[in-house]
Amino acid sequence: MSRSAFAIGLSIALSGLVSTALYAQEPASAGTPAETARLEYEQVMTLTPDLENGRRVYLTCAVCHRPEGWGAPDGTYPQIAGQLRTVIIKQLADIRARNRDNPLMYPFSVPRILGGPQNVADVAAYVAQLPMTPENGVGPGMDLPLGKEVYVEHCTKCHGENGEGNEDEHIPAIAGQHYLYLMRQFDAIRMGRRKNSDPKMVKQIDSFTPLQQAAVLDYTSRLRPPESKLAETGWVNPDFPAYVRDPMGVPPMPPMPAGLMEPPAYPSVPPAR
Ligand code: HEC
Ligand code: HEC
């Protein structure tokens, strides 16, 4: 073989390798959004997370979820710190497969920006180990005995007695989540707007009155995560020393990734009830 033919052969072989490597970074895709998300979830679960890379990836998320992962007490952004790793992976896979509508976050979740399954594994592990806020948004505190009664009867079985969720079944931890975020998700689940909701949960909560809903979510927002998962009041994430916090405490709109979509509307704050 001549030298140049060898060089061409080698470069073809190498480009094949490179594209195989890139392809391996693409999430698997299949028919429906739910199926695509399920395949990616399974793919991510086989990977070993790298926390240091997770921290780097998290910089994108920090703009909305804050460097601490605590979101906003007005519920516009959920607390994701301390959420179960499997839940974070499932929600990321669902959101980017459009199995859960999240127009604001969607552009930041696509492979071109967030990266492939390995980055999903890494950022999920990073977020899961962040300590949670000791001061999440809670409800008005008026019907807590009713809230407890409803919780014990209708929620404990899946979300656990203390709202700790279930890692193996990727059932979200809901203790210490912002009350107004819980209200928005609960509404979305009841109305069928959240595509990835659990049909058994939808059935369970179908007949709730507004009073029962508000009471049970108020109670949920006041369930305390274990001491070991909570940060000290005023904790600042030392992983992002250069992060500039705006004085109003309102997360700024991050720059939109070019060419993906028009900037979506800011999420509206749900009415307090
Ligand atoms: C542009 C703002 C924005 C960015 C950037 C963003 N998110 Fe989100 N995220 C949101 C909003 C808003 C919601 C809640 C949407 C809703 O109400 O359904 C959310 C929801 C989530 C949820 C589901 C929480 C739950 O309890 O159901 C997870 C997990 C999550 N984000 C993780 C991330 C990660 C990891 C990143 C970085 C790769 C990220 N987000 C980047 C705005 C953002
Ligand atoms: C049959 C099991 C089941 C029951 C009962 C159930 N849930 Fe759920 N719930 C789930 C699952 C599973 C999800 C996550 C679905 C998904 O996105 O994958 C969920 C999601 C949620 C969410 C959204 C969490 C988030 O981080 O976005 C809230 C809030 C919630 N449940 C509250 C409740 C409350 C309060 C009750 C009791 C009134 C309840 N659930 C009863 C299984 C259940």
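Visitor: Which residues does Phe 186 touch, not counting residues up to four places away in sequence?
Guide: This is a predicted model, in which local features need pLDDT of at least 70, side-chain atom pairs count only at pLDDT 80 or more, and totals for chains, interfaces and linings use all residues. Residues are numbered from 1 along each chain as its sequence is written, while chains are lettered from A and ligands numbered from 1 in the order in which they are written. Two residues are in contact if their C-beta atoms, placed from the backbone, lie within 7 Å. With neighbours up to four places away set aside, Phe 186 touches Gln 213 and Leu 217.

Visitor: What separates the C-alpha atoms of Phe 186 and Leu 217?
Guide: Phe 186 belongs to helix α10; helices (H or I, at least four residues) and strands (E, at least two) are DSSP runs, numbered from the N terminus. Along the chain, Phe 186 and Leu 217 are 31 residues apart. Their C-alpha atoms are separated by 8.6 Å.

Visitor: Why does Phe 186 count as buried?
Guide: A residue is buried if 20 or more other C-beta atoms lie within 10 Å of its own, exposed if 12 or fewer, and partly exposed in between, with C-beta atoms placed from the backbone. Phe 186 counts as buried because its C-beta neighbours inside 10 Å number 21.

Visitor: How many helices does the protein chain have?
Guide: From the N terminus on, the elements run α-α-α-α-α-α-α-α-α-α-α-α. The chain has zero strands, and its helices come to 12.

Visitor: Where do the buried residues of α2 fall, seen down its axis?
Guide: The buried residues of α2 are Thr 36, Ala 37, Glu 40, Tyr 41, Gln 43 and Val 44, and what covers them includes α4 and α7. The arc is that of the directions from the helix axis to the C-beta atoms. The buried residues fall within an arc of 165°, so they line one face of the helix.

Visitor: Which helix gives the largest share of the shell around ligand 1?
Guide: A residue is near a molecule or strand if its C-beta atom, placed from the backbone, lies within 6 Å of it. Ligand 1 is surrounded by 23 residues, the closest being Cys 61, Cys 64, Gln 91, Met 105 and Phe 108. At least two residues of this shell come from each of α3 (51-65), α4 (85-96) and α7 (117-128). The largest share, five residues, comes from α3.

Visitor: Which helix gives the most to the shell around ligand 2?
Guide: Among the 23 residues around ligand 2, Cys 155, Cys 158, Asp 198, Lys 200 and Met 201 come nearest. Helices α8, α9 (156-159), α10, α11 (199-205) and α12 each supply at least two residues of this shell. With four residues, the helix that gives the most is α11.
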